[in-house]
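Please read them with the structure open.

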Amino acid sequence: DLHALLVDVIASRNQQIQQNRIQVNITIDDDIHQITLPRNQFMQMMIHMVDNSIAAIVLRADAMQGEQETGVIHFHASKTSLSEWQLQIEDNGTGITEEVQKEIFNFGFSTQHGKTGYGLHSVGNFVKSVDGEIKLLKMEGKPGATFSIIFPFAKLISLYLAWFLKWRSSTRVKFLHIIELM
């Protein structure tokens, strides 16, 4: 359950979220139900994303000397096609300059003093490992950053296909029905 997983990630960072008065919103469209991704790797990816959002919100608040509106992190999951779904992570932190955008997924690159540069690098690697795509969206006139991560449902279909090929004679009708439901 995607919602429960995101709630777990937020709970793991609850102290920083409350301490910095950050509002977290989760919107999951009705057509997104169960997802099939490695739970631990997905959670680790989301923890890195939330940590970066928190750091950007705190940095912006420090620069604004407390005059900033409430920090916000918003998660939105939606189905983009029969074969893909999208997760957007949006915050109202400092944003990401064009210069930094070119480097953010490189191992060892970080804008945060004392950090290893492993977080977004591992996020990019995980997304690639599940045949997904991650990109930073330009949101004109809005502070912060919005990442869009596209995940294929194809991994799920390929699992069903492997199962079908193994049990093809007795499960053909069930398999075709499963694909139609997606």
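1. Overall make-up. The chain has seven helices and five strands. This is a predicted model. Starting at the N terminus, the order of elements is α-α-β-α-β-β-α-α-β-β-α-α. The chain has 182 residues, and 36% of them are buried. Take the contacts with a separation of 6 or more: 65% of them join residues 24 or more positions apart.

2. The sheet. The five strands form an open sheet. Their order is β1-β2-β3-β5-β4, and the pairing is mixed. The edges are β1 (22-28) and β4 (133-137), each of which pairs on one side only. From one strand to the next, the twist averages 15 degrees.

3. Strand pairing. As a general point, strands of a sheet pair through backbone hydrogen bonds, in either the parallel or the antiparallel sense. Both senses can be followed here strand by strand. β1 runs parallel to β2 (residues 71-79), with seven bridges between them. In that pair, I28 stands opposite A77 of β2. β3 and β5 are antiparallel and share eight bridges. There, E84 has P152 of β5 as its bridge partner. β4 and β5 also run antiparallel, joined by five bridges. E133 stands opposite I150 of β5.

4. Strand β5. How many residues of β5 (residues 145-152) are buried? Eight of its eight are, and the strand is mostly covered. Both faces are covered. One side carries A145, F147, I149 and F151. The other carries T146, S148, I150 and P152.

5. Helix α1 on the sheet. α1 packs on the sheet and touches β1, β2 and β3 (84-91). The direction of α1 makes about 165 degrees with that of β1. The buried residues of α1 are L2, L5, L6, V9 and I10. Seen down the helix axis, these residues fall within an arc of 140 degrees, so they line one face of α1. They pack against α2, β1, α3, β2 and β3. At the N-terminal end, D1 caps the helix. A side-chain oxygen of D1 lies 3.4 Å from the backbone nitrogen of H3.

6. Salt bridges. The structure holds two salt bridges. In general, side chains of opposite charge can pair when their charged atoms come close.

7. D51 and R13 meet through their side chains, 2.6 Å from N to O. The pair links distant parts of the chain, 38 residues apart. D51 sits in helix α3, and R13 in the loop between α1 and α2 (14-19). D51 is partly exposed, with a relative accessible area of 29%.

8. Two residues to look at. S78 is found in strand β2. S78 is buried, with a relative accessible area of 9%. Leaving aside residues up to four places away in sequence, S78 touches D29, I32, W85 and Q86. I96 lies in the loop between β3 and α4 (98-101). I96 is partly exposed, with a relative accessible area of 24%. Which residues does I96 touch, not counting those up to four places away in sequence? They are Q101, I104, L136, A145 and F147. I96 and P143 are 47 residues apart along the chain, and their C-alpha atoms are separated by 9.5 Å.

Definitions and conventions: Residues are numbered from 1 along each chain as its sequence is written. This is a predicted model: local features need pLDDT of at least 70, side-chain atom pairs count only at pLDDT 80 or more; totals for chains, interfaces and linings use all residues. Side-chain values use heavy atoms; hydrogens and water are left out. A salt bridge is a side-chain nitrogen of Lys or Arg within 4 Å of a carboxyl oxygen of Asp or Glu. Helices (H or I, at least four residues) and strands (E, at least two) are DSSP runs, numbered from the N terminus. Buried means under 20% relative accessible area, exposed over 50%, partly exposed in between (1.4 Å probe, protein chains only). Two strands pair if DSSP finds at least two bridges between them. Axes are lines fitted to C-alpha atoms, for helices over the stretch in contact, and angles run from 0 to 180 degrees between N-to-C directions. Contact means heavy atoms within 4.5 Å. The arc is that of the directions from the helix axis to the C-beta atoms. A polar contact is a pair of N or O atoms within 3.5 Å; within protein, one must be able to donate a hydrogen and the other to accept it, and residues adjacent in sequence count only if both atoms are side-chain atoms.
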